[in-house]
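Thanks for coming, everyone. I'll keep this brisk. Please look at the screen while I talk.

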Amino acid sequence: MKRFLPILLVLALSAGAAAAARLPGVKTPSKNIACFYVPQRPTKHGNLLCNIKRAAYTGALQQRCISPPTGLDWHGFSLPDARKGEIVCAGGIMYDARDKPTFVILAYGRSWHYKSFTCTSRITGLTCTNRVGHGLFVSRESWRAW
């Protein structure tokens, strides 16, 4: 399932935010894969937004997102805190523009925990899971959501 979030929806969701926040996240040692936490204000829920710079499938994902009727220019992945991971297509920023993603480099074989998420970096790719056992795997060769 892919989610389409036009910029107007994103701006409407972020309009109620009070102040800028740090959005904690991780990057793989190659810096090719990055994921960071985005709160869903005003709820206590959130999700991870993940992106990959270079992969065998990025052209296909871009085409999937840009093709009519969608016509959106960004593609990546989202892992909600209580649902399965998914491809995400967006036409604008997917978090309050005042917020700042901040990343730590997650060494291969190490795990990062934040709120209900755990991400583990391996040479083969990055695996992130949520509190209910859903997850997302991203690598240069493939991706998988469950």
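Start with cysteine 119 and cysteine 128. A disulfide joins them, with 2.1 Å from S to S. Keep in mind that this comes from a predicted model. The torsion about that S-S bond is 110°, and the link is right-handed. Are these two cysteines buried or exposed? Take cysteine 119: its relative accessibility is 0%, so it counts as buried. Cysteine 128 has a relative accessible area of 2%, so it is buried too.

How many disulfides does a search of the whole structure find? Three.

Next, cysteine 65 and cysteine 89. Their disulfide has an S to S distance of 2.0 Å. Here the angle about the S-S bond is -70°, and the link is left-handed. Where do the two ends sit? Cysteine 65 is in helix α2, residues 58-66, and cysteine 89 is in strand β6, residues 86-90. That links distant parts of the chain, 24 residues apart. Cysteine 65 has a relative accessible area of 0%, so it is buried. Cysteine 89 is buried as well, because its relative accessible area is 0%.

Now the pair of cysteine 35 and cysteine 50. Their sulfur atoms are 2.0 Å apart, and they form a disulfide. Cysteine 35 lies in strand β3, residues 33-39, and cysteine 50 in strand β4, residues 46-52. The two are 15 residues apart, and the bond links distant parts of the chain. Why is this disulfide called right-handed? Because the torsion about its S-S bond is about 115°. Both cysteine 35 and cysteine 50 are buried.

Counting bonded cysteines along the chain, the pattern is 1-2, 3-4, 5-6.

On to the rings. The count comes to seven aromatic pairs. Let me take two that share phenylalanine 36.

One partner is tyrosine 95. The ring centres of phenylalanine 36 and tyrosine 95 are 5.3 Å apart, and their planes meet at 85°, so this pair is edge-to-face. Phenylalanine 36 is in strand β3, while tyrosine 95 is in the loop between β6 and β7. The pair therefore ties together parts that are 59 residues apart in sequence. Phenylalanine 36 and tyrosine 95 are both buried.

The other partner is phenylalanine 103. Its ring centre is 5.9 Å from that of phenylalanine 36, with the planes at 90°, so this pair is edge-to-face. Phenylalanine 103 lies in strand β7 and phenylalanine 36 in strand β3, so the contact ties together parts 67 residues apart in sequence.

Phenylalanine 36 has a relative accessible area of 11%, so it is buried. Phenylalanine 103 comes to 33% relative accessibility, so it counts as partly exposed.

What sits over the ring of phenylalanine 103? The charged end of lysine 27, at 4.8 Å from the ring centre.

Elsewhere, four residues form one aromatic cluster: Tyr37, Trp112, Tyr114 and Phe117.

Last, how confident is the predictor? The mean pLDDT of the protein chain is 88. Of its residues, 88% reach 70 or more. Residues 1-15 are another matter: pLDDT stays under 50 there. For that stretch the model has 26 contacts beyond four places in sequence.

That's my tour. Questions, please.

Note on methods:
Residues numbered from 1 in each chain as written. Predicted model: local features only at pLDDT ≥ 70, side-chain atom pairs only at ≥ 80, totals over all residues. Heavy atoms only, no water. pLDDT = per-residue confidence, 0-100. Contact = heavy atoms within 4.5 Å. Disulfide = S-S within 2.5 Å. Helix = DSSP H or I, 4+ residues; strand = E, 2+ residues; numbered from the N terminus. Buried < 20%, exposed > 50% of the residue type's maximum accessible area, 1.4 Å probe, protein only. Phe/Tyr/Trp six-rings, centres within 6.5 Å; stacked < 30°, edge-to-face > 60°. Lys NZ or Arg CZ within 6 Å of the ring centre and 35° of its normal.
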